[in-house]
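Biologist: I am new to this structure. Please show it, and then let us go through it by question and answer.

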Amino acid sequence: MDMQIKETQSRDIPGVCRSCEARHGGICSALTPPQLAELSKHASRRKVEAGNEMIGQGESITSYSSILNGVVKLSKVMADGRQQIVGLQFAPDFMGRPFLGESRMSAEAATDTEICVFPRRAIERLMRDAPSLERLLHNQALQELDDARDWMLTLGRKTAQEKVASFLWLIANHSDPEMGDRSFFDLPLSRSDIADFLGLTIETVSRQMTKLRKDGVIQIENNRHITVPDLERLADAAGIDQ
């Protein structure tokens with residue numbers, strides 16, 4: 001009987017959603033097949049090349065997105081034009097803050113990225129009808145708050161080497177959830193952006209990457225591809241308790 005129910009539910013899920021890995025971990029995982037079918041009527045997939053802005057700071061919010069693959073860079077611009085990277089988002093994160101009229105930061109594709117876009121009204125209407133979706137978004141917001149507090153510790157108390165290793169640990173654990181193997185990845189940010197994100201100079205980032213390579217914690221190919229032979233050693237270098 002359970003198998004028949006699962007087969008019936010699977011048939012009710014739109015074909016494009018059945019093949020989407022983000023459905024199992026993103027906002028769509030909180031929806032019933034009928035709710036998912038309704039949302040899919042309004043959804044559209046979009047590919048964004050690295051370096052392109054998805055939404056600017058202060059722009060009106062007309063849609064939300066789920067990240068299907070790639071890395072998104074979140075930044076804030078000060079009144080004098082200075083910019084600070086304040087966060088990264090990965091698949092299957094939800095992009096956007098419900099019930100907010102305008103974006104408080106800019107979002108830019110750090111790598112070639114694919115997103116599933118939903119009209120704002122469709123998501124906010126669905127939140128009222130699907131408490132499970134509201135809870136999921138609430139939990140994601142709390143997780144982002146916890147992550148921000150952890151990152152404050154990284155920026156405020158850790159050494160330069162621990163900061164760089166913490167950044168590599170972050171990427172290793174989030175960059176490609178479909179791959180499963182966390183031991184190798186491409187850096188989604190330039191050395192300049194990494195320095196901005198960590199509050200370091202480019203020279204310091206380069207020195208610490210070189211030191212981690214010489215110590216055997218990481219291997220570097222083509223300046224962007226990172227291999228981590230032992231994830232526990234990387235965690236130790238980052239000062240992270242597992």
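Biologist: Does D80 count as buried or exposed, and at what relative accessibility?
Modeller: Buried means under 20% relative accessible area, exposed over 50%, and partly exposed in between (1.4 Å probe, protein chains only). D80 counts as exposed, because its relative accessibility is 51%.

Biologist: What should I know about the model itself?
Modeller: This is a predicted model, where local features need pLDDT of at least 70 and side-chain atom pairs count only at pLDDT 80 or more, while totals for chains, interfaces and linings use all residues. Residues are numbered from 1 along each chain as its sequence is written, and side-chain values use heavy atoms, without hydrogens and water.

Biologist: Which side chain does D80 meet in a salt bridge?
Modeller: A salt bridge is a side-chain nitrogen of Lys or Arg within 4 Å of a carboxyl oxygen of Asp or Glu. Here N and O are 2.7 Å apart. The partner of D80 is R82.

Biologist: How many salt bridges does a search of the whole structure find?
Modeller: The pair of R82 and D80 is a salt bridge. The search of the whole structure gives a total of seven.

Biologist: How many residues apart in sequence are R45 and E114?
Modeller: R45 and E114 form a salt bridge, with their closest N and O atoms 3.5 Å apart. R45 is in strand 1 and E114 in strand 8, so the pair ties together parts whose separation in sequence is 69 residues.

Biologist: Which strands stand at the edges of the open sheet?
Modeller: The sheet has four strands in the order 1-8-3-6, with antiparallel pairing.

Biologist: What is the bridge partner of S44 in strand 8?
Modeller: Strands are DSSP runs (E, at least two residues) numbered from the N terminus, and two pair if DSSP finds at least two bridges between them. Strand 1 and strand 8 (residues 113-119) pair in the antiparallel sense over five bridges. The partner of S44 is V117.

Biologist: Is K73 buried or exposed?
Modeller: K73 forms a salt bridge with D193, the closest N and O atoms being 2.9 Å apart. At 7% relative accessibility, K73 counts as buried.
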